[in-house]
Amino acid sequence: MAKAFFRLQKFLRRTQFLLFFLTAAYLMAGSLLLLQRTRLVIQQGSGGTPANQALPAPDEMTRVGITDPRTLQSPHPGPRLLVGMDALREPALDQQHSPHWLTSRNSELRQLRRRWFHRFTSEQEPLQTAGLKAMKHTTDHKGTYMGCFTHDSRERTLKGAVFYDLRKMTVAHCQEACAERAYSYAGLAYGAECYCGNTLPAAASKPEECNSECKGEKGSVCGGVNRLSVYRVEELRAGARRRRNVIYRGCFRAPENLTDTFPASLIQPNLTVDMCSEFCSKKEFPLAVIRGQECYCGYPTGRFPLRDGADGLRCSGPRNASSAAEGTYCLVYQTPVQDTRCTDRKFLTTKSKVFVALSSFPGAGNTWARHLIEHATGYYTGSYYFDGALYNKGFKGEKDHWRSRRTICVKTHESGKTEIEMFDSAILLIRNPYKSLMAEFNRKYAGHLGYATDRNWKSKEWPDFVNGYASWWASHVLEWLKYGKRLLVVHYEELKQSLIPKLKEMVEFLNVTVTEDRLLCVENNRDGNFKRSGAKQKNFEPFTQEMKDLINRYILTVDEALRGRNFSGLPREYVPR
């Protein structure tokens with residue numbers, strides 16, 4: 001009996017060991033499989049040209065068509081024409097505006113999302129929580145540290161310009177930015193936010209409450225939670241004055257009562273533009289208005305909207321004395337001070353009942369449109385993707401889940417039936433495909449603000465890019481025309497030319513009421529932080545004749561589809577004739 005019991009005990013011990021071994025082997029195998037899949041996703045997300053990128057359209061010049069995506073499985077497929085313009089003339093909407101051969105780029109966009117996500121996560125620096133006691137106000141900063149002050153985001157004491165950099169903010173960067181805009185004080189909060197103003201905050205706080213480390217400068221303090229580290233930068237203003245821009249806005253008819261229109265004024269013999277601009281900058285006004293020896297400061301308003309400028313001769317020359325004496329015309333200048341009447345933004349307090357998309361092809365100005373919408377409505381916009389560069393510059397809705405409904409609208413480049421039908425309505429932003437392709441190519445190789453090099457443009461990547469993305473430009477519009485439930489079509493060129501009327505249409509479409517003064521403020525801050533500095537001139541034409549023939553056929557296809565849905569066609573400036 002004892003022997004049998006011993007054998008049973010020995011068997012159970014072996015079984016226990018065997019079970020333990022099998023469990024460990026199972027966990028190790030699962031871990032290896034997970035690591036392998038993760039590696040595959042990362043390779044797909046960062047690996048150059050997508051697998052389903054379109055190839056050149058057929059050579060037949062008398063018909064319009066887009067290549068069949070099924071031919072892309074072969075690395076060197078022959079051209080294949082699937083349908084021509086006759087397919088667009090079918091009475092059915094499905095055939096007329098979205099032929100079956102126009103398929104969306106969902107797989108490519110999923111790869112873009114993966115690449116953007118991994119780029120975003122790789123760029124984020126780990127939060128430094130240790131060593132706060134060692135942080136100091138370094139002596140390298142040229143400004144004078146004034147102390148730690150209370151910061152209320154709703155009632156800001158530093159009411160001038162506002163800047164965000166959630167990755168590279170430093171004390172010196174904030175000081176220089178405020179000094180260039182003619183402010184006397186620079187304040188930093190939350191380690192990443194910079195505020196400018198000419199009045200020192202009244203409510204002081206304990207020094208230890210400013211304990212947030214600057215995101216771009218280890219060992220330095222950049223305020224805290226609802227706390228400002230304030231520096232006096234007036235001594236920097238003399239050096240920064242050389243870099244300031246006082247912009248001439250034009251000659252305008254003066255309002256009937258200047259003292260009621262403008263909140264600050266100065267009468268000075270031998271008044272100069274610099275004297276008036278400096279006076280208005282200290283008062284924190286973006287406009288300096290000169291009439292004779294009188295200087296007025298204020299904002300663009302309904303009484304003085306800066307529209308319909310007069311002939312410059314009415315403000316200068318021999319007619320200047322009589323015009324000034326009569327008070328008819330005045331000179332208007334833009335000071336370095338930022339118009340802050342429309343810079344406050346927040347998330348929706350209650351979830352939106354209408355799910356609105358801001359849809360566009362990449363490179364069509366979606367980021368700029370988001371800037372305009374956020375400043376006009378006062379609400380953040382969301383995004384279907386994660387772009388760390390945009391989040392770091394103040395697009396806080398970038399990190400919010402795109403289906404949270406806490407944002408006024410959601411950026412998307414998607415064009416699949418499922419992705420389109422998720423939205424209740426959409427603003428469809430369309431831009432000249434030549435400009436869109438160049439803008440997206442620049443972004444792909446040099447980021448939001450840079451330019452691709454001549455080597456990039458002359459490489460094989462550029463023709464491959466055009467062949468693949470030109471068809472996407474067309475299919476994106478056609479798919480939204482087919483599946484979109486409620487659309488507002490906005491052309492980038494018209495928005496740029498007639499900003500306030502078009503922006504007013506967009507705001508009304510979003511069911512938000514805004515004042516005219518706020519729209520004028522948006523116009524005063526129209527460029528935002530992601531405008532490339534001028535068009536980089538090339539000494540060669542990037543588009544070959546073959547590329548132009550391809551793009552022009554897509555333009556005609558989209559133009560016809562828009563008119564078939566009772567929308568205005570594409571702007572005449574880029575429709576081939």
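Tutor: In this predicted model, the protein chain exposes about 29,700 Å², of which carbon and sulfur atoms supply 52%. Of its 577 residues, 50% count as buried. The chain has 19 helices and 17 strands. Among contacts with a separation of 6 or more, 75% are between residues 24 or more positions apart.

In soluble globular proteins, nonpolar side chains tend to be buried together. Here the largest nonpolar core holds 45 residues, and those that touch the most other members are Ile 430, Leu 437, Trp 462, Trp 473, Phe 543 and Leu 570. At least two residues of this core come from each of strand E16 (425-430), helix H13 (433-446), helix H15 (461-483), strand E17 (487-491) and helix H19 (545-564). The most is given by H15, with 13 residues.

Ile 430 illustrates how these segments meet. Leaving aside neighbours within four places in sequence, Ile 430 is in contact with Trp 473, Val 477, Val 489, Val 490, His 491, Tyr 492, Glu 493, Leu 562, Leu 570 and Tyr 574. A second, separate core of 29 residues includes Met 506, Val 507, Leu 510 and Val 512.

The aromatic rings may be taken next. A pair of aromatic rings is described by the distance of the centres and the angle of the planes. With centres counted as paired within 6.5 Å, the model has 25 aromatic pairs. One of them joins Tyr 248 and Tyr 333, in a tilted arrangement with 5.3 Å centre to centre and 55° between the planes. Tyr 248 belongs to strand E8 (residues 247-253) and Tyr 333 to strand E12 (residues 329-334), so the pair ties together parts that are 85 residues apart in sequence. Tyr 248 is partly exposed, at a relative accessible area of 42%, whereas Tyr 333, at 13% relative accessibility, counts as buried.

Another pair, Phe 441 and Trp 457, is tilted because the ring centres are 4.7 Å apart and the planes lie at 45°. Phe 441 is in helix H13 and Trp 457 in helix H14 (residues 454-457), so this pair ties together parts that are 16 residues apart in sequence. Both Phe 441 and Trp 457 are buried. Ring pairs also link these two into a cluster with Phe 361, Tyr 434, Tyr 445, Trp 462, Phe 465, Tyr 469, Trp 472 and Phe 543.

Leu 19 is found in helix H1 (residues 2-45) and counts as exposed because its relative accessibility is 53%, the cut-off being over 50%.

Two loop residues complete the account. Asn 270 is not a glycine, yet has a positive phi of about 55°; Asn 270 sits in the loop between strand E9 (264-267) and helix H8 (273-282) and is exposed at 66% relative accessibility. Asn 511, also not a glycine, has a positive phi of about 65°. The loop that holds Asn 511 runs between helix H17 (499-509) and helix H18 (516-524), and Asn 511 is exposed, with a relative accessible area of 70%.

Note on methods: Residues are numbered from 1 along each chain as its sequence is written. This is a predicted model: local features need pLDDT of at least 70, side-chain atom pairs count only at pLDDT 80 or more; totals for chains, interfaces and linings use all residues. Side-chain values use heavy atoms; hydrogens and water are left out. Helices (H or I, at least four residues) and strands (E, at least two) are DSSP runs, numbered from the N terminus. Buried means under 20% relative accessible area, exposed over 50%, partly exposed in between (1.4 Å probe, protein chains only). Contact means heavy atoms within 4.5 Å. Accessible areas come from the Shrake-Rupley method with a 1.4 Å probe; for residues, only the protein chains shown count as cover. A nonpolar core is a set of buried Ala, Val, Leu, Ile, Met, Phe, Trp, Tyr and Cys residues joined through side-chain atoms within 4.5 Å. Rings of Phe, Tyr and Trp (its six-membered ring) pair if their centres lie within 6.5 Å; planes under 30 degrees apart count as stacked, over 60 as edge-to-face and the rest as tilted.
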